[in-house]
Amino acid sequence: MLIAGSSRGIGAAAARREAANGSRVILHGRSDSPALKELSVELGAPAYHCDGQDADSVQELVDAALATHGRIDALICTLGSVLATDALSGSTDAWIDEYRSNVLGPVNFIRAVAPSMLANGGGRIVTVSSIRGRDNLASPEVTGYSAAKAALENVTVSFAKALAPSVTVNAVAPGFVLTDMSETWSDEVRKEVATNLLGRAARPEEIAGLLCFLVSDGASFITGQTVLADGGLDAR
């Protein structure tokens, strides 16, 4: 199993959970960071690094992993970034960066692993969207991010159709999660967090649990879906 973006946050939590379940985990980070090295040692798992926005580099990484480890049966892709892209004044460059990070990064990884999954008779792919990709929860303060996550959900469905019936492709759309990015939340965001039905933010491990379910045999009849894990914010 390859976990793209596993050096921290939700990706690291998913890596720990899968390793505890006995999966052979392959780690990935954008750079050869101390966090990635430490997780590699902790889990006894191989770690690779490349810029997910560079399709050639992603393909080289996947080829190297396949040559060493034989097969990749599942991909969990947690790549993404959040930039301030105001609806009225956000820069064009910021919008493009959001698209490259949140859409093209996952696309590059899916396209790199898909041929081997098809050749091996099947596989599981899960991407990570956001509540901000939902129409009613899109944010004017991070419009580029909201638009990119909405695009990712559409892309997820497209790949589900393209890779059916042997490879399932789904997305998870988390609400507010206590990762390192949560340290930058404004007072307004913290107030919004408290309004979901559970009255709190998620722990990374809670989102990881859903990601890991979707790459398990228990999710074999689920594909082309975006699953909300938002503490009931959308329902509220």
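Author: Buried here means under 20% relative accessible area, and exposed means over 50%. The model is predicted.

Start with Met1. Met1 sits in the segment before strand 1 (2-4). At 13% relative accessibility, Met1 is therefore buried, given the cut-off of under 20%. What does Met1 touch, not counting residues up to four places away in sequence? The list is Glu18, Arg24, Val25, Ile26, Ala74, Ile76 and Val215. Take Glu18 from that list. Glu18 and Met1 are 17 residues apart along the chain, yet 8.5 Å separates their C-alpha atoms.

Helix 1 (9-20) comes next. Helix 1 is among the elements that cover the buried residues of helix 7. Strand 4 (74-77), strand 5 (123-128), strand 6 (167-174) and strand 7 (226-229) are included in that cover too. Helix 7 spans residues 204-214 and is mostly covered, with eight of its eleven residues buried. These are Pro204, Ile207, Ala208, Gly209, Leu210, Leu211, Cys212 and Leu214.

Glu206 has another setting. Glu206 is partly exposed at 29% relative accessibility. A salt bridge joins its side chain to that of Arg203 (3.7 Å, N to O). Arg203 is partly exposed as well, at 44%. Shared partners link Arg200, Arg203 and Glu206 into one network of salt bridges.

Now the other salt bridges. The whole structure has eight. One of them pairs Glu42 with Arg16, at 2.8 Å from N to O. Glu42 belongs to helix 2 (residues 34-43) and Arg16 to helix 1, so this pair ties together parts 26 residues apart in sequence. Glu42 is partly exposed, with a relative accessible area of 47%. Arg16 is partly exposed at 39%. Lys37 and Asp32 form a further salt bridge, at 3.7 Å from N to O. Lys37 has a relative accessible area of 45%, and Asp32 has 40%. Both values count as partly exposed.

Last, a charged stretch of surface. Asp54, Asp56, Glu60 and Asp63 form a negative patch. Asp54 lies in the loop between strand 3 (47-49) and helix 3 (55-69). Its relative accessible area is 33%, which is partly exposed.

Ser101 is a contrasting case. Ser101 is in helix 4 (residues 92-120) and is buried at 10% relative accessibility. Leaving aside neighbours within four places in sequence, Ser101 contacts Gln53, Leu79, Gly80, Ser81 and Pro106.

Note on methods: Residues numbered from 1 in each chain as written. Predicted model: local features only at pLDDT ≥ 70, side-chain atom pairs only at ≥ 80, totals over all residues. Heavy atoms only, no water. Patch = residues over 30% accessible without salt bridge, like charges linked within 9 Å, V, L, I, M, F, W, Y side chains within 5 Å. Areas by Shrake-Rupley, 256 points an atom, 1.4 Å probe, with all protein chains shown as cover. Salt bridge = Lys/Arg side-chain N within 4 Å of Asp/Glu carboxyl O. Lys, Arg positive; Asp, Glu negative; His and termini not counted. Charge placed at Lys NZ, Arg CZ, Asp CG, Glu CD. Helix = DSSP H or I, 4+ residues; strand = E, 2+ residues; numbered from the N terminus. Buried < 20%, exposed > 50% of the residue type's maximum accessible area, 1.4 Å probe, protein only. Contact = heavy atoms within 4.5 Å.
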